[in-house]
Amino acid sequence: MSATTSAKHQVLFSFRSTLYSRFGKRIFDLLLALLLLPVISPVILMLWLIVSCDGGSGFFGHTRTGRNGQEFRCWKIRSMVLDAELTLKDHLASEPVAAREWLRNFKLVDDPRITKFGSFIRKTSLDELPQILNVLKGEMSFVGPRPVTQRELRKYGLSRSAYLATTPGITGLWQVSGRNSASYDERVEFDTRYAQRKSFALDLWIISQTATAVLKQTGQ
């Protein structure tokens, strides 16, 4: 292990051992979730009813990797067509440029799976409201790295330990620091930086910046 890598791990351990990291962050998550739940529950129900009109489920749960490598179901309001996986497979097979984009970022700027209503709830981040249930269960935090799949986790390289040491979040440093334009490597850098510097003040700043981003509809 190089001196740089060793120093990084020492910094990570130091920040994980703060009082806020050990106890305060979880308490803050629970209090904020309980405060918001009565407000957003009717919104979640309304969105679920709208999306369910096509005969499919209004919710979509995808397996993600959380803290310490524990897998969990990350919940969203479904924003895609019913046969999303087949649609993606056919699209990538016929569009080499899109296939390269998918391999690079695991995202598509022009995603054929997303419905018109799905595009709206993604831009406003309304599709992520059900993740408050993940927060209540302790699988996610309000602030942290976005939860990734096992396949995506490989792209973190030496920074994998930083991701696994931090509870995934509904929002994070990446989302408020150029989410739509940042490369995946930059996303990993943001997640690592957050793991090193997480604090109550930083979480409050990220939440305030997220609210601004939602109002500007910069989600994706």
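Rings of Phe, Tyr and Trp (its six-membered ring) form a pair if their centres lie within 6.5 Å; planes under 30 degrees apart count as stacked, over 60 as edge-to-face and the rest as tilted. This is a predicted model, in which local features need pLDDT of at least 70 and side-chain atom pairs count only at pLDDT 80 or more, while totals for chains, interfaces and linings use all residues. Residues are numbered from 1 along each chain as its sequence is written, and side-chain values use heavy atoms, with hydrogens and water left out.

**View A. An aromatic cluster.** Here Trp102, Phe106, Tyr156, Tyr163 and Tyr184 are linked into a cluster by ring pairs.

**View B. A ring pair in helix H5.** A search of the whole structure finds eight aromatic pairs. In the pair shown here, the ring centres of phenylalanine 117 and phenylalanine 120 are 6.0 Å apart and the planes stand at 40°, so the pair is tilted. Both residues belong to helix H5 (residues 116–123), three residues apart, about one turn of the helix. Helices (H or I, at least four residues) and strands (E, at least two) are DSSP runs, numbered from the N terminus. Phenylalanine 117 is partly exposed, with a relative accessible area of 26%, and phenylalanine 120 is also partly exposed, at 39%. For these labels, buried means under 20% relative accessible area, exposed over 50% and partly exposed in between (1.4 Å probe, protein chains only).

**View C. Two arginines over tryptophan rings.** Arginine 73 lies over the face of tryptophan 75, 5.7 Å from the ring centre. Look also for arginine 187, whose charged end sits over the ring of tryptophan 174, 4.4 Å from its centre. A charge sits over a ring if NZ of Lys or CZ of Arg is within 6 Å of the ring centre and within 35 degrees of the ring normal.

**View D. Helix H10 and its cover.** The buried residues of H10 are Leu202, Asp203 and Ile206. Seen down the helix axis, these buried residues fall within an arc of 95° (taken from the directions from the axis to the C-beta atoms), so they line one face of H10. Their cover includes helix H2 (19–51), strand E3 (141–143), strand E4 (169–171) and helix H9 (184–197). On the other side of H10, Ala201 and Leu215 are exposed.

**View E. Threonine 65 in strand E1.** Threonine 65 is found in strand E1 (residues 59–65) and is buried, with a relative accessible area of 0%. Not counting residues up to four places away in sequence, threonine 65 touches residues including Phe72, Val148, Leu153, Tyr163 and Pro168; contact means heavy atoms within 4.5 Å.
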